[in-house]
Protein chains: 2
Amino acid sequence: MARGLVVEGRLGPSTGGRAPRELRFRADAGVVLAAELGATSTTVGLTDLAGKLLAHREEPWDVAAGATATLDLVERLFDELLAGRPSGQVWGIGVGLPGPVEFASGRPVAPPIMPGWDGYPVRDRLARRYRAPVWVDNEVNTMALGEYRTGIGRDVRDLVYVKIGSGIGAGLISGGRLHRGAQGCAGDIGHVPVSDDSRTVCRCGNLGCLEALAGGVALARDATEAARHGRSEFLARRLASGELEARDVSQAAEHGDPVAVELLTHAGRLIGVTLATLVNMFNPALVVIGGGVAESGDLLLAAIRETVYRRSLPLATRELRITRSPLSNRAGLLGAAFMVLDELFSRARLGAWIDQGSSVGRPELSAEQERLPERGSGIGR
Amino acid sequence: MARGLVVEGRLGPSTGGRAPRELRFRADAGVVLAAELGATSTTVGLTDLAGKLLAHREEPWDVAAGATATLDLVERLFDELLAGRPSGQVWGIGVGLPGPVEFASGRPVAPPIMPGWDGYPVRDRLARRYRAPVWVDNEVNTMALGEYRTGIGRDVRDLVYVKIGSGIGAGLISGGRLHRGAQGCAGDIGHVPVSDDSRTVCRCGNLGCLEALAGGVALARDATEAARHGRSEFLARRLASGELEARDVSQAAEHGDPVAVELLTHAGRLIGVTLATLVNMFNPALVVIGGGVAESGDLLLAAIRETVYRRSLPLATRELRITRSPLSNRAGLLGAAFMVLDELFSRARLGAWIDQGSSVGRPELSAEQERLPERGSGIGR
């Protein structure tokens, strides 16, 4: 109450003694900014303190344009969302990036599809600009969190979110908490070796990685080859009007094109083999499949399901559900907001916050609590 | 203090006002019983409430003798450890079993090397006998917990414990907590397919499982075949005086026997490939290798290390340590005791306990808190 987060409401019914007064959580006491940077689009949103999405913006954008230009765009979109609001309303900022992130420092670490981003101080830049605590994570982690907190995974304490887009990655929820791992790179299933195929070099530099054989880029590449070699009329027609994408393969399969059916089934089986291993190792109750490629047809999901149930241990699949993400591309954005709310309202943080005094509004957290960098970054608060 | 767990000690130095009185945790207020049932031996121990081992017993025992006979032995050994102590001192019991366990009910689930144990109410039997709460888990989980709470993994919040014995299994610590998974079978790496070898049928019924190709039983089997076919003089001499075991292979390798070196290197590589996948997926800071086969020589560990570092992603291995378990066979026993202490003194449980009243001694937990079975088992407390 001292912090303005809880207010007294109406008097409740008396049960004999003094009538109790209702307490109401003031979700509108502040806002959270969230950003999800995909490979080909940037989405930002504004939520209240209960994680309800109040407004959002989405723009096509190539994340390979680099950190400076991309964050210029993010800040412009954030400013649009904040227009007309009093300053100081931003309680925190959450960002999901399409690459490995060192969670403790909020910096990308050698991200394969984000040239120019390696080590860029994403957190520090936004923290300085908005004078608010910032948390940055891999987008697959924020998607897993989004599904766990607001989506189909609500109340499922052990959950795996798998994103099948250009690349392939997974986010893991262990006992109701995100399992990030020691370097924050847990769930990296895209670079598990699945084949002795020694021709296909992955963007990571290794051979036989799942992603290089079954991701969206791989599907488009193999479909293009099939079209060029006259093995698929449907795909050849599509190729005549522009570069093929994974969705062309799904559409070809829906039209009964045998090459496309074979490509999707093969990709689904390879993903299924890797997920069977993940299911054996992690024993989730739910696997949520999302990402552009997963959304584009049932064939891939069917092949994944069939392989996982066949190759995992009976005990691990006894109550396992494998389902498509119904939140779709909202999962990452909402998850980024909940990452902020979870950190902001964690038990340890709340205790320190209440001890800090009684001014109304956003907590003035200590530098350590805001995970500000150890070495000076010019941020004095 | 009301429960006799904390007592006032000496007066501390005054800093101006009233001198503070020291509080002392009475670790001797009760005891915990722990049991680790291995494939070929049974170990039981008695610890204080801080997890300090006060006494223990170990006997050779074939767990395949069945649940009734094995628990008769466990109870006899428990009684020996408790002899002379007043009744009511047992605050809890922890048991590790060499097979999958449904943690919530404390029953083994289709354990491959424990005929007659499937669904046996281990928890209920011991709870009734000792009138104390009981927790039962897979031994690899208790070993992981032992390493995390008292061993080399202390303060390492993301840790994998790998047991290489007759079979192969892993226990996972995620953010300082055991990750059991939805059915309690997380960490089951023994049945990940690692080869297209279609001859070797695993005890689980599938083909190409890691355990069937690289576990202790597999090593002994392959060594026996090599000896019979005249490919190793050393192993043939050993075979003449009895069945070969995995340790014979290690000893042969130490004597430079090329067949044994090849067998251990091959097994180490297969285990390494699977651990590389686990490292990519789980991103631990530490992998602890234990179990009888792992203890019997450096060659296997060297092959595992080499393969994991070569096949995992750079970020996941940047600060990864892979080390042999120094606790050895104590890890499981101590972990079983800490499982009890962690459950007994969890924040939620302590709160309810303190609310229950002020009698000194072991908490009278509610049925729900003791995870007693939902359907009547004759245990009325």
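What percentage of the 381 residues of chain A count as buried? In this predicted model, the share of buried residues in chain A is 57%. The legends below describe close-up views of the model.

**Figure 1. Overall make-up of chain A.** The secondary structure of chain A consists of 13 helices and 14 strands. Among contacts in chain A with a separation of 6 or more, 60% are between residues 24 or more positions apart.

**Figure 2. Relation between chain A and chain B.** Chain B is superposed on chain A by a rotation of 180° with 0.0 Å of shift along the axis, at an RMSD of 0.1 Å. This is the relation of a two-fold axis. Both copies use the same surface, since 100% of the contact residues of chain B recur in chain A. Within chain B, the residue that comes closest to the rotation axis is B:S174, whose C-alpha lies at 3.7 Å.

**Figure 3. The open five-stranded sheet of chain A.** Five strands of chain A form an open sheet in the order 12-11-10-13-14, with mixed pairing. Strand 12 (177–178) and strand 14 (321–324) of chain A stand at the edges; each has a single partner strand, so one side of each is left without a neighbour in the sheet. Strand 10 (residues 159–164) and strand 11 (residues 168–174) of chain A run antiparallel and are joined by six bridges. In this pairing, A:Y161 stands opposite A:G171 of strand 11 of chain A. Helix 8 of chain A lies across strand 10, strand 11 and strand 13 (286–290) of chain A, and runs at about 20° to strand 11 of chain A.

**Figure 4. Surroundings of helix 7 of chain A.** The buried residues of helix 7 (residues 246–254) of chain A are A:A246, A:D248, A:V249, A:S250, A:A252 and A:A253. These buried residues pack against five helices of chain A, namely helix 5 (216–228), helix 6 (233–240), helix 8 (258–282), helix 9 (292–295) and helix 10 (298–311). Just after helix 7 of chain A, A:G256 adopts a positive phi of about 85°.

**Figure 5. Crossing of helix 6 and helix 7 in chain B.** Two packed helices are described by the angle between their axes and the distance between the axes. The axes of helix 6 (residues 233–240) and helix 7 (residues 246–254) of chain B come within 10 Å and cross at roughly 140°. Helix 6 of chain B is therefore oblique to helix 7 of chain B. The crossing of helix 6 of chain B past helix 7 of chain B is right-handed. Helix 6 of chain B contributes B:F234, B:L235 and B:R238 to the contact, while helix 7 of chain B contributes B:D248, B:V249, B:Q251 and B:A252.

Figure 6. A:T43 belongs to strand 4 (residues 41–47) of chain A. Its relative accessibility is 8%, so A:T43 counts as buried. Apart from neighbours within four places in sequence, A:T43 is in contact with A:A34, A:A35, A:E36, A:R57, A:E58 and A:L333.

Figure 7. Strand 9 (residues 134–138) of chain B contains B:D137. B:D137 is buried because its relative accessible area is 1%, which is under the 20% cut-off. Neighbours within four places in sequence aside, B:D137 is in contact with B:V95, B:G96, B:L97, B:V101, B:F103, B:T142, B:L178, B:R180 and B:M339.

Key:
Residues are numbered from 1 along each chain as its sequence is written. Chains are lettered from A and ligands numbered from 1 in the order in which they are written. This is a predicted model: local features need pLDDT of at least 70, side-chain atom pairs count only at pLDDT 80 or more; totals for chains, interfaces and linings use all residues. Side-chain values use heavy atoms; hydrogens and water are left out. Helices (H or I, at least four residues) and strands (E, at least two) are DSSP runs, numbered from the N terminus. Buried means under 20% relative accessible area, exposed over 50%, partly exposed in between (1.4 Å probe, protein chains only). Contact means heavy atoms within 4.5 Å. Copies are superposed by least squares on the C-alpha atoms of residues with pLDDT of at least 70 in both. Two strands pair if DSSP finds at least two bridges between them. Axes are lines fitted to C-alpha atoms, for helices over the stretch in contact, and angles run from 0 to 180 degrees between N-to-C directions. Angles under 35 degrees count as roughly parallel, over 145 as roughly antiparallel, 65 to 115 as roughly perpendicular and the rest as oblique. A crossing is left-handed if the near helix is turned anticlockwise from the far one by less than a right angle, and right-handed if clockwise.
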